[in-house]
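Visitor: I'd like to learn how to read a fold like this one, feature by feature. Could you walk me through it?

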Amino acid sequence: MGPWPNDPLGPQARTSAEIYWIMFVAAIVVLAIVDGGLIYAGIKFRDRPGHTAKQFHGHNTLELLWTVIPTIMVISFSVLSFQKLNVMNDTSGAGMTVNVQGQQWTWLMSYPKEDRFKLTDGTYLQAAQELHIPVNTKVHIQLSSKDVIHSFWVPNIGGKKDAVPGRATDLWIQGDKPGTYKGQCFEFCGTGHADMLITLVVQTPDEYSTWIKSALVEANRFNDPATKAGRETFLSQPCVGCHTVQGTVAAGKVGPDLTHVASKKSIAGGAISPVDEANLTRWIKDPPAAKPGTTMPNYHLSDEQVHDIVQWLLTLK
Ligand code: CUA
């Protein structure tokens, strides 16, 4: 990170930074000339004892100058903007394509349907909020939205494109050096908008293949047929709105992260311990009864649903 908050660390961000700085400097020069001239003339030619201000109007040379110069500037900026926009919108020649879907209030990243991202159940790797890409590789992002308009933006890497329901939009990103970059939904999309974050991880090719392997192991863990029912119940219930389980679409931030819930000593802020089948069942069946005052409501799940969810949660070690 340099001295500027939007220090560009990829060609996409650099392209917009370049045009930003050209226009910024031009605006400063214009400001200095116009306001400088105004102040200078105001002081030098003002009406004062010993000097009478001259009244006149019309000055062909000056008027021509301040019409022609701004016209040339505006035309130049337009041409420059279109050139830069072409670069920024050109998704051709990308090394990989990732589908990114915005929904209230998370991002679902679907990796390409390539063998290296394939899971044991025949589907392909997906993740919420976190996107991993290899360094110095042009990555094509296909944006869509499930509900309202969102906007994908990782400032250091660049881009910023709306995710619009019912319509595909395109963007490309590329990172100069490995690191973790923060992004944010940039279109107000409801109460959870501020928490609709993006974590972009740029990795060396070695790190990237290592990460794919571990991400597949993690994701395949959720494909175990023995706990499939519980996982699907959990992911289709309001649970996902409050809780995060890494490797799934559950990315809620209101309640505790359940990624490793089965390894915890207690749940419900320490009120329930140990974390075993009996306690999880009692808790999920009726949270307010197990811990008065808890913000987790009773969803009146059936005994079977509770059983399935508990069996799944117990695998989250
Ligand atoms: Cu999604 Cu703001």
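Guide: Let's begin with naming: helices are DSSP runs of H or I with at least four residues, strands are runs of E with at least two, and both are numbered from the N terminus. In that scheme, Val240 is found in helix H5. Keep in mind that this is a predicted model.

Visitor: Is Val240 buried, partly exposed or exposed?

Guide: Buried means under 20% relative accessible area and exposed means over 50%. Val240 has a relative accessible area of 21%, so this residue counts as partly exposed.

Visitor: Which residues does Val240 touch, beyond those up to four places away in sequence?

Guide: Val240 touches Phe234, Leu235, Ala250, Ala251 and Gly252. Take Ala250: this residue is ten residues from Val240 along the chain, yet their C-alpha atoms are separated by 4.3 Å.

Visitor: Phe234 was in that list. Which residues of helix H4 are buried?

Guide: The general idea comes before the case. An α-helix has 3.6 residues a turn, so residues three or four places apart point the same way. In H4, residues 228-236, the buried ones are Gly230, Arg231, Thr233 and Phe234. Down the axis of H4 they fall within an arc of 165°, so they line one face of the helix. Among the elements covering them are helix H5 (239-242) and helix H8 (303-313).

Visitor: On to the strands. What is the order of the strands in the open sheet?

Guide: The five strands run E3-E2-E1-E5-E8, and the pairing is mixed. E3 (126-128) and E8 (169-173) are the edges; each has a single partner strand, so one side of each lacks a neighbour in the sheet. From one strand to the next, the twist averages 25°.

Visitor: How many residues does the largest nonpolar core have?

Guide: In soluble globular proteins, nonpolar side chains tend to be buried together. Here the largest nonpolar core has 36 residues, and those with the most contacts inside it include Trp107, Phe152 and Leu200. Elements giving two or more residues to this core include strand E1 (96-103), strand E6 (150-154) and helix H3 (205-221). H3 gives the most, with six residues. A second, separate core has 22 residues, including Val245, Ile267, Ile272 and Ala290.

Visitor: What is Phe152 in contact with, leaving aside its neighbours within four places in sequence?

Guide: Its contacts are Val100, Trp107, Leu131, Leu143, Lys160, Lys161, Leu171 and Ile198. Notice that two lysines, Lys160 and Lys161, are in that list.

Visitor: Last one: how many disulfides does a search of the whole structure find?

Guide: A disulfide is a covalent bond between the sulfur atoms of two cysteines. The search finds zero. As for individual cysteines, Cys185 is buried at a relative accessible area of 1%, and Cys189 counts as buried too, at 5%.

Key. Residues are numbered from 1 along each chain as its sequence is written. This is a predicted model: local features need pLDDT of at least 70, side-chain atom pairs count only at pLDDT 80 or more; totals for chains, interfaces and linings use all residues. Side-chain values use heavy atoms; hydrogens and water are left out. Two strands pair if DSSP finds at least two bridges between them. Axes are lines fitted to C-alpha atoms, for helices over the stretch in contact, and angles run from 0 to 180 degrees between N-to-C directions. Buried means under 20% relative accessible area, exposed over 50%, partly exposed in between (1.4 Å probe, protein chains only). The arc is that of the directions from the helix axis to the C-beta atoms. Contact means heavy atoms within 4.5 Å. A disulfide is a pair of cysteine sulfur atoms within 2.5 Å. A nonpolar core is a set of buried Ala, Val, Leu, Ile, Met, Phe, Trp, Tyr and Cys residues joined through side-chain atoms within 4.5 Å.
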